[in-house]
4 protein chains.
Amino acid sequence: MLYSALMKPAEMSLPTSTNVLVWSEFRHEKANPKVAAIYPGGIHETIAAFLRRAGGLNVSTAWLDQPEHGLTADRLAGTDVLVWWGHMAHGEVQDEIVQRVKTRVLEGMGLLVLHSGHYAKIFKALMGTSCSLKRRESSDKERLWNVNPAHPITCGIGDYFEIPAEEMYGEPFGIPAPDELIFISWFTGGEVFRSGATWQRGHGRIFYFQPGHETYPTYHQAEVQRVITNGVRWARATVNLPDCCPNAPALESLPPDPQATVDHRLAGLGARNPPRQRRISSPIDGL
Amino acid sequence: MLYSALMKPAEMSLPTSTNVLVWSEFRHEKANPKVAAIYPGGIHETIAAFLRRAGGLNVSTAWLDQPEHGLTADRLAGTDVLVWWGHMAHGEVQDEIVQRVKTRVLEGMGLLVLHSGHYAKIFKALMGTSCSLKRRESSDKERLWNVNPAHPITCGIGDYFEIPAEEMYGEPFGIPAPDELIFISWFTGGEVFRSGATWQRGHGRIFYFQPGHETYPTYHQAEVQRVITNGVRWARATVNLPDCCPNAPALESLPPDPQATVDHRLAGLGARNPPRQRRISSPIDGL
Amino acid sequence: MLYSALMKPAEMSLPTSTNVLVWSEFRHEKANPKVAAIYPGGIHETIAAFLRRAGGLNVSTAWLDQPEHGLTADRLAGTDVLVWWGHMAHGEVQDEIVQRVKTRVLEGMGLLVLHSGHYAKIFKALMGTSCSLKRRESSDKERLWNVNPAHPITCGIGDYFEIPAEEMYGEPFGIPAPDELIFISWFTGGEVFRSGATWQRGHGRIFYFQPGHETYPTYHQAEVQRVITNGVRWARATVNLPDCCPNAPALESLPPDPQATVDHRLAGLGARNPPRQRRISSPIDGL
Amino acid sequence: MLYSALMKPAEMSLPTSTNVLVWSEFRHEKANPKVAAIYPGGIHETIAAFLRRAGGLNVSTAWLDQPEHGLTADRLAGTDVLVWWGHMAHGEVQDEIVQRVKTRVLEGMGLLVLHSGHYAKIFKALMGTSCSLKRRESSDKERLWNVNPAHPITCGIGDYFEIPAEEMYGEPFGIPAPDELIFISWFTGGEVFRSGATWQRGHGRIFYFQPGHETYPTYHQAEVQRVITNGVRWARATVNLPDCCPNAPALESLPPDPQATVDHRLAGLGARNPPRQRRISSPIDGL
């Protein structure tokens with residue numbers, strides 16, 4: 001028996017589909033007729049619609065004004081990827097629910113953070129940084145350069161694509177160095193921005209994607225839909241590994257040490273928190 | 001005038017010395033005679049003493065039970081590197097003060113986190129992850145392998161060094177992938193651990209160094225003192241860049257766009273938060 | 001038409017299987033009866049056999065003493081992942097063929113480098129570093145700690161696994177910082193080693209995996225087979241992007257500049273080397 | 001004696017100055033009167049001149065048509081940082097000398113690679129990738145955004161600076177993911193480029209900086225001079241660690257293993273190649 005007793009090898013069952021939850025504030029759409037005209041059912045419904053058309057994804061939606069923001073513990077437990085759009089009401093998201101989402105990401109749930117979600121509590125909590133940037137709402141054109149053409153997220157995207165009108169987001173962007181840089185944007189007004197980037201935090205994959213100001217029809221554009229669909233598939237949970245900090249017995253014989261003491265306060269803790277691992281799917285088809 | 005109006009070029013004044021603040025809980029030393037025998041004035045005083053001997057450092061100390069934990073805004077504003085040791089009372093550190101320290105790190109202050117500080121609120125807030133690990137308080141010997149011999153932090157350290165008795169910390173360690181991996185430890189009981197690692201968060205440098213359980217005389221060992229001294233020098237602040245998220249005017253002429261609207265709610269914000277930069281020292285001698 | 005003319009969007013055809021080529025020197029097996037007893041058909045045949053059993057992989061083999069080392073241009077063009085084991089005859093691998101393999105990796109072909117392949121010309125050429133390490137052929141036990149439990153390569157592997165007898169490889173290991181650290185090994189004799197690590201180079205994925213000294217039955221062990229199988233699936237090519245360095249026309253109108261000159265030596269080059277992209281499969285099932 | 005016998009702790013002597021060698025092809029200047037007018041003594045002399053004015057640097061120059069390209073073993077042994085500019089004659093640099101320079105970088109010598117040096121043999125050998133990019137010699141303006149304002153290389157540089165006319169270099173750039181991204185450039189014609197980036201290879205620091213086409217007066221611009229000067233100081237050698245791959249005796253007692261054999265071919269090698277370390281300076285002032 002060579003496997004560790006502390007962590008069971010992952011189980012090999014394959015999921016029949018990926019559960020995606022698309023969350024948005026759903027406030028601008030109610031307050032601003034211009035936004036409502038572009039996203040009549042809310043930004044979340046537009047995103048959910050193209051994800052549903054992509055196939056293989058089981059897509060549902062939630063928004064801020066639902067009980068528990070639509071993010072109950074049960075629902076998050078069954079979610080493989082969460083897509084997040086927020087802007088004007090970041091402060092209304094309850095800290096307890098932010099912590100709940102963060103725990104799920106660290107366990108393995110994927111997270112896509114869109115546009116003004118750079119300032120969402122959940123993104124800032126996972127990055128540990130300011131997540132600040134430059135911005136300008138004007139008549140800029142944005143050109144997104146694909147700097148990682150072999151990455152799953154850029155599958156189907158060529159050298160670059162353009163968004164005819166978008167809010168400018170500019171460097172410096174207050175993020176930790178990304179694990180993978182995917183897109184760098186050029187703006188008419190003279191700025192650049194790391195507009196697509198990934199990080200692993202705990203066992204979850206995170207993708208930040210910059211386009212999507214609410215007054216532009218960005219989420220109706222084919223390339224944007226393609227990137228988000230790719231991102232959802234790339235980020236989906238493949239494990240579910242709850243946090244543990246076990247007190248671990250030695251695997252090799254230790255020298256006797258009359259000085260060594262055991263802190264009894266801590267010693268029992270590991271036994272009560274046995275680590276568990278559940279590999280919920282393979283990230284590799286056919287495995 | 002080619003420099004940006006948004007950020008003034010750094011000023012070139014050189015500091016005459018680096019202000020180091022060594023913080024510890026100072027609780028075990030009062031409760032456990034064994035710990036008090038090893039660290040009579042508290043762990044912070046032992047660390048401060050060898051840093052003072054190293055030269056060029058202006059060292060002071062603070063601890064949990066002081067007002068504001070000894071971490072007032074004024075004091076932090078004048079601190080270039082903060083050294084953190086905590087263990088049994090992480091939960092008593094006030095959230096407001098954690099946020100204050102975090103802000104200073106993001107502005108440029110260096111941070112050394114020692115041993116059980118892996119579970120300190122400030123470390124978890126900057127990492128965004130669980131920071132969990134395996135542990136065992138027993139009679140292990142630890143051997144720290146130097147995997148980055150050209151790094152300033154390993155200056156004066158050879159291929160490896162040993163600590164005769166230390167608490168075992170084992171993988172997996174719930175941290176984001178380090179920017180730089182410095183040490184990997186071997187333990188008698190069969191485990192390994194990334195025992196020295198660095199991250200940049202915002203404009204501050206962070207160094208986590210694993211040795212230092214309170215019941216062992218670890219901070220009296222020459223190699224450990226050398227690594228911490230090197231780490232303090234490496235991590236010291238060279239800039240002070242407050243957070244800003246400015247609304248930025250275009251640098252190039254934009255196309256006319258009758259559709260473009262300005263969000264007046266946000267438009268004024270940048271003007272009230274002009275970004276400032278203060279380069280407080282050069283990280284390069286003689287520059 | 002928002003896609004770039006310079007790079008066609010990837011095509012969406014899915015491969016029915018992955019073509020894997022397992023290469024080994026096949027010299028120790030002929031010279032040393034002990035090795036021949038462990039790997040009667042050669043190390044490559046043992047590895048090929050368990051990969052064939054895994055399903056979904058179309059596996060063939062090649063070795064040093066075949067014409068062109070069995071690595072003809074045609075054969076490499078049809079290979080999605082190359083597995084490499086070499087040791088005593090690195091110097092006999094022709095430089096021209098090393099360059100041919102390197103070109104294919106940069107275009108997108110995956111590469112697994114095993115054990116003493118750390119000193120193979122192809123690995124050193126892709127890493128750009130010494131790839132040196134410590135070593136000892138003795139009676140060490142090796143324990144591989146899984147430091148990335150959510151990674152596809154560790155699917156089915158628990159907290160750690162052990163190899164009863166292996167050659168010790170120790171730090172410092174002369175590699176660039178890995179993109180992803182997968183395993184850290186503990187050796188009885190007191191050393192540690194980054195025994196599983198990945199890098200992206202060009203559009204290809206590279207996985208180095210340390211176990212496999214020819215005098216031990218390492219490739220007959222279930223966990224080792226599992227890791228290599230996972231690694232092959234993870235590294236398989238999903239794009240085929242030949243190198244290009246195009247002279248690119250401006251996408252936006254440029255200011256007039258009577259001083260600007262065109263270097264006619266270089267100007268025609270891009271036109272003769274139009275970049276091409278072929279997305280040969282999606283890395284995401286069902287996409 | 002806790003230090004390893006395999007690697008002596010670094011010595012603490014501080015250098016009185018840093019030896020910088022500025023290398024260029026020195027061909028365009030002889031063939032093209034326009035280039036000669038901008039750089040009368042050659043590009044290397046212009047760069048050497050502003051480095052000399054910076055203070056603390058002992059600067060000399062070398063060029064392609066000197067014996068051994070001016071890069072003799074003795075000269076490289078005494079060099080702390082090498083600055084490299086090449087363009088039209090990359091193919092004339094002898095492979096043996098490229099290997100000699102590479103060895104020195106891996107031992108600890110710093111390397112700055114400028115502009116068209118992206119295609120120099122030495123840069124490609126250290127990166128292991130194509131180093132290809134897009135390019136256009138026209139009337140573009142370039143704006144370099146500082147994405148790492150706390151880095152020593154951007155000391156004295158604000159949010160961004162502009163170069164009135166430069167050759168466009170565009171993404172995708174065929175490099176390994178940088179250890180640190182320093183600058184991202186915006187070009188009038190619509191492209192972006194990672195125009196400043198660092199990597200550690202072996203024990204040496206490498207900085208690639210994109211500006212400097214020979215037909216523009218780029219190296220006369222104050223901000224460009226500042227960045228190169230900062231880069232030289234940041235990259236300077238602090239160690240000199242020759243390559244070794246030692247056969248290492250066990251540090252802990254091993255179990256008896258009658259099966260274990262020692263490969264006598266390899267066993268003596270380590271003894272004849274004892275690893276040596278020479279810490280030639282501290283990277284930290286005052287240490």
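**Confidence first.** I keep in mind that this is a predicted model. The predictor gives the complex an ipTM of 0.88 and a pTM of 0.90. For chain A I noted an average pLDDT of 88, with 84% of the residues scoring at least 70. Where pLDDT is low, the predicted coordinates should not be read in detail. I leave the contacts of both stretches at that.

**The sheet in chain A.** I traced the strand order next. Chain A has an open sheet of 9 strands, ordered β2-β1-β3-β4-β11-β10-β9-β6-β7, and the pairing is mixed. Which strands stand at the edges? I found β2 (57–63) and β7 (160–163) of chain A there; each has a single partner strand, so one side of each lacks a neighbour in the sheet. From one strand to the next the twist averages 20 degrees.

I zoomed in on one pair. Strands β3 (residues 81–85) and β4 (residues 110–114) of chain A run parallel, paired over 5 bridges. A:Trp84 has A:Val113 in β4(A) as its bridge partner. Helix α5 (residues 95–107) of chain A packs on the sheet and touches β3, β4, β10 (192–201) and β11 (204–209) of chain A. I read its direction as about 115 degrees from that of β11(A). Helix α7 (residues 222–235) of chain A runs at about 165 degrees to β11(A). That helix lies across several strands of chain A, including β1 (18–24), β7 and β9 (180–187).

**Strand β1 in chain D.** Is β1(D) enclosed or open? I count on 6 of the 7 residues of β1 (residues 18–24) of chain D being buried, so the strand is largely enclosed by the rest of the structure. On one side, 7 bridges join β1(D) to the parallel strand β2 (residues 57–63) of chain D. In that pair D:Val22 stands opposite D:Thr61. β1(D) also pairs with β3 (residues 81–85) of chain D, again parallel, over 5 bridges. There I found D:Trp23 opposite D:Trp84.

**Helix α3 in chain D.** I checked the length of α3 (residues 43–54) of chain D. At 1.5 Å a residue its 12 residues should span 16 Å, and the end C-alpha atoms are 17 Å apart, which agrees. Among its buried residues I listed D:Ile43, D:Ile47, D:Phe50 and D:Leu51. An α-helix has 3.6 residues a turn, so residues three or four places apart point the same way. The buried residues of α3(D) pack against β1, α1 (28–31), β2, β3, β4 (110–114) and α7 (222–235) of chain D. Just after the helix, D:Gly55 takes a positive phi of about 90 degrees.

C:Cys155 is buried, at a relative accessible area of 0%. D:Cys131 is in no disulfide either, with the sulfur of C:Cys245 nearest at 9.8 Å. I also have D:Cys131 down as buried, at 0% relative accessibility.

How values were computed:
Residues numbered from 1 in each chain as written. Chains lettered and ligands numbered in written order. Predicted model: local features only at pLDDT ≥ 70, side-chain atom pairs only at ≥ 80, totals over all residues. Heavy atoms only, no water. Buried < 20%, exposed > 50% of the residue type's maximum accessible area, 1.4 Å probe, protein only. Helix = DSSP H or I, 4+ residues; strand = E, 2+ residues; numbered from the N terminus. Pairing = 2+ DSSP bridges. Expected span 1.5 Å × (residues − 1). Contact = heavy atoms within 4.5 Å. Axes fitted to C-alpha atoms, helices over the stretch in contact; angles between N-to-C directions. pLDDT = per-residue confidence, 0-100. Disulfide = S-S within 2.5 Å.
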